[in-house]
Amino acid sequence: MYRWDFSPVIANGDLLLAGLANTLALTGVALAGGIPVGLALALARLSGSRFLSAPAGVVIEVFRTTPPLVQLFWFYFGLPIVLKVEMTPYLAAALTFTIQSGAFFAEIFRAGIVSVDRGQREAARAIGMTEAQAMRRIVLPQAVKRMFPAMMERSIELMKTTTLVATVSYADLLYQANELAQKTFRPLEVFTAAALMYLVTISLVSAIAALVERRMAVSGEMAR
Amino acid sequence: MSYRWDFAPVLDNWQALAFGAIGTVRLFLVCLVLGLSLGLVVALMRRSRHGVLRWLAIGFIELFRNTPVLVQILWFYFALPMLVPVEISPFGAAILGISLNSAAYSAEIYRAGIQSIEPGQWEAARAIGMTGLQVLRRIVLPQALRRVLPALTNRGIEIFKMTTLASVVAYVELLQQGKLVASLNFNPLEVYTVIGALFFLLLYPLVRATYALERRLARSD
Amino acid sequence: MTGPLLRIEGLGKRFGDRSVFAGVDLEVARGDRIAIIGASGSGKSTLLRCINVLEHADQGRVILGGEPVGEEVRRGERTETRYSEAALVRLRQRVGMVFQQFNLFPHMTVLGNVMEGLVTVKGMGRDAAARQALAELARVGLADKAEAYPAHLSGGQKQRVAIARALAMEPEILLFDEPTSALDPALVGEVLDAIQALAAEGRTMLLVTHEIGFAYHMATRVLFLAEGGIYEQGTPDEVLKNPRRPLTQAFIAGHRRFSF
């Protein structure tokens, strides 16, 4: 019978916490970049112009269809060769996940925008708003409310996907856990602890998202 | 000065890549079958009247959905052998991680599908004397499965993409072989471009098929 | 200014290979109240929507206050009309529209709905916009609902808010696109009263409607649309009481229930 011993994990808890902080930071950066990228891609996709919508479509489909780990390797090992720049694990990860989550966010934005009744845009145009004003003031605020659950889900997926950066030696939670497991010869405890840290963090984010959703559902403006 | 792409060394190593591709497809098929069928079992447990079964299912779903699949694979590879006296191969760890993760996700898909069937269907089948199991098998599941087919296809695509994670425990699949080729020829740009393109070419038809399924379903419902 | 407020010349619209109407000419003078009637599918709403360019006409042009709307560009054999964003914004401030489905903005309060155009389009300050919006709401009898969200209003109240929203922009012409068709019969009256009050002020308006009785009392002129164009037009007495052409007669006969 195996005797569990978490004391080496607890003694090195600060390493894991530092890893978690890096995981959250990377998720935050990718979100901050991915949401505007996604909105831009969605607007390009929906614009009448083929010169905008075709390239946006390619970016969206390629980044949604290929494995994120291949994307990360491409950005980390491949891109520096073309651009002749120094690539750090952090930069490669931030780039990959910004564009990748942007591609997913684009489809969420697009579906949200399309779901807003055509009459809303027409009413906005009929009182003299420009296309951009109608989008910003009337369509997007309604679309964003509907998209919120899908956005939260995607953000949580993104946080889980950030574990891939451990493979290019960025010190996220998983990477720290792997290091610690080798150092302490206690892989069971270390990986279990790391899994629990992910579980708690992600469950917490899910719970907060569910709470906000309920709040939005009861606020008067959403009643139909 | 612009970079001169050279795909020749990649093509010269096509056998290594093909070998990897076989590993990818093998892992994909095993995880697809295990993940989607186990998911149905978990979904049915989730609806069970027995509290223990129901809570087991809920715990399983939450645990596997709320932790990263890469952590799961590494846990099965490095941590599990400490608990049970068996050797776990990279293939085994990848199968466990990806299949169980996919089971948790597909359980939620099945559940949504079953829930979307109107109560009238249950009542009508009950009214002609069917047992609960018969109603499920003959009436509810056929309709529910049809509705969730696009979501399941999507899940299948995700599983295919997830197989690359097995490279982290050095299972021989496409990306793992790519790493090898790239390190031998110092040409990561070309190798990873080719591998990305291969995945895209393999998966994009499936993506299109999912769109088509979604459209057809939207029309018929 | 000489000439009519609004002139439509040879307007034509097709959806795919189906022509909705063609060669429609119309002059609207200040103070005209024109009711547009016809069977469903006769292009009444489309005609209205071509006037404020929510729908792009395929032929002909719309001239507002002596200025053509949009810019005609020759393209090989045919001319097509291009509309700059600025031209559309100007046009729509001068031509207000009330929709069948109200199209209130559900994420804004009633007051917010009426203020929106004043703030976003006219660039008015929020306080001044709120004051004017409240005045418009008072005019349609809904000042007490200013803080409510549209979801909490009845259909009739929603449509009155939509009228206030259009009025706030101080348009020279008001377009009503079947404003009572989406309402419960019991709620039609309050909306018609609000429109009647605007008529009494001498506003210029075009009204697509199925309420023949209301059209008779309110309109200065009635257009009957059929066979891809204006089939018959004249005073309410001419068109609604003594139609001369067979399709108009059949249409009016089908609406015998209305009381003059």
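Two strands pair if DSSP finds at least two bridges between them. The legends below describe close-up views of a predicted model.

**View 1. The hairpin of strand 6 and strand 7 of chain C.** Strand 6 of chain C (residues 71–75) and strand 7 of chain C (residues 78–82) run antiparallel, joined by five bridges. C:Arg75 faces C:Arg78 of strand 7 of chain C across the pair. Two residues lie between the strands of this hairpin. C:Gly76 takes a positive phi there, near 65°. Strand 6 of chain C has five residues and the number buried is zero, so strand 6 lies largely in the open.

**View 2. The four-stranded open sheet of chain C.** The strand order is 2-1-4-5, and the pairing is antiparallel. Strand 2 (18–28) and strand 5 (67–68) of chain C are the edge strands, each pairing on one side only. Strand 1 (residues 6–15) and strand 4 (residues 59–64) of chain C run antiparallel and share five bridges. Opposite C:Gly12 stands C:Gln59, a residue of strand 4 of chain C.

**View 3. The six-stranded open sheet of chain C.** Here the order is 8-9-10-3-11-12, with mixed pairing. Strand 8 (95–98) and strand 12 (229–234) of chain C each have a single partner strand, so one side of each has no neighbour in the sheet. From one strand to the next, the twist averages 20°. Strand 3 (residues 33–38) and strand 10 (residues 204–208) of chain C pair in the parallel sense, over four bridges. In strand 10 of chain C, C:Val208 stands opposite C:Ile36.

**View 4. Helix 2 against helix 3 in chain B.** Two packed helices are described by the angle between their axes and the distance between the axes. Helix 2 (residues 14–46) and helix 3 (residues 51–65) of chain B pack at about 130°, and their axes lie 7 Å apart. That angle makes helix 2 of chain B oblique to helix 3 of chain B. The crossing of helix 2 and helix 3 of chain B is left-handed. Helix 2 of chain B contributes B:Val42, B:Met45 and B:Arg46 to the contact. These meet residues of helix 3 of chain B, among them B:Leu53, B:Arg54, B:Phe60 and B:Ile61. By class, the contact of helix 2 with helix 3 of chain B has eight nonpolar, no polar and two charged residues.

**View 5. Chain B as a whole.** Chain B has nine helices and zero strands. Along the sequence, the pattern of chain B reads α-α-α-α-α-α-α-α-α. Along the principal axes, the C-alpha atoms of chain B fill a box of roughly 75 × 50 × 25 Å. Of the 221 residues in chain B, 41% are buried. Take the contacts in chain B between residues at least 6 apart in sequence: 75% join residues at least 24 apart.

**View 6. Chain A where it touches chain B.** The contact involves 31 residues of chain A and 30 residues of chain B. On the side of chain A, two or more residues come from each of helix 3 (50–65), helix 4 (68–83), helix 8 (173–184) and helix 9 (187–218). Helix 9 of chain A gives the largest share of that side, eleven residues. By class, the side of chain A that touches chain B has 21 nonpolar, eight polar and two charged residues.

How values were computed
Residues are numbered from 1 along each chain as its sequence is written. Chains are lettered from A and ligands numbered from 1 in the order in which they are written. This is a predicted model: local features need pLDDT of at least 70, side-chain atom pairs count only at pLDDT 80 or more; totals for chains, interfaces and linings use all residues. Two residues are in contact if their C-beta atoms, placed from the backbone, lie within 7 Å. Ala, Val, Leu, Ile, Met, Phe, Trp, Tyr, Cys and Pro count as nonpolar, Asp, Glu, Lys and Arg as charged, and the others, Gly among them, as polar. Axes are lines fitted to C-alpha atoms, for helices over the stretch in contact, and angles run from 0 to 180 degrees between N-to-C directions. Angles under 35 degrees count as roughly parallel, over 145 as roughly antiparallel, 65 to 115 as roughly perpendicular and the rest as oblique. A crossing is left-handed if the near helix is turned anticlockwise from the far one by less than a right angle, and right-handed if clockwise. A residue is buried if 20 or more other C-beta atoms lie within 10 Å of its own, exposed if 12 or fewer, and partly exposed in between; C-beta atoms are placed from the backbone.
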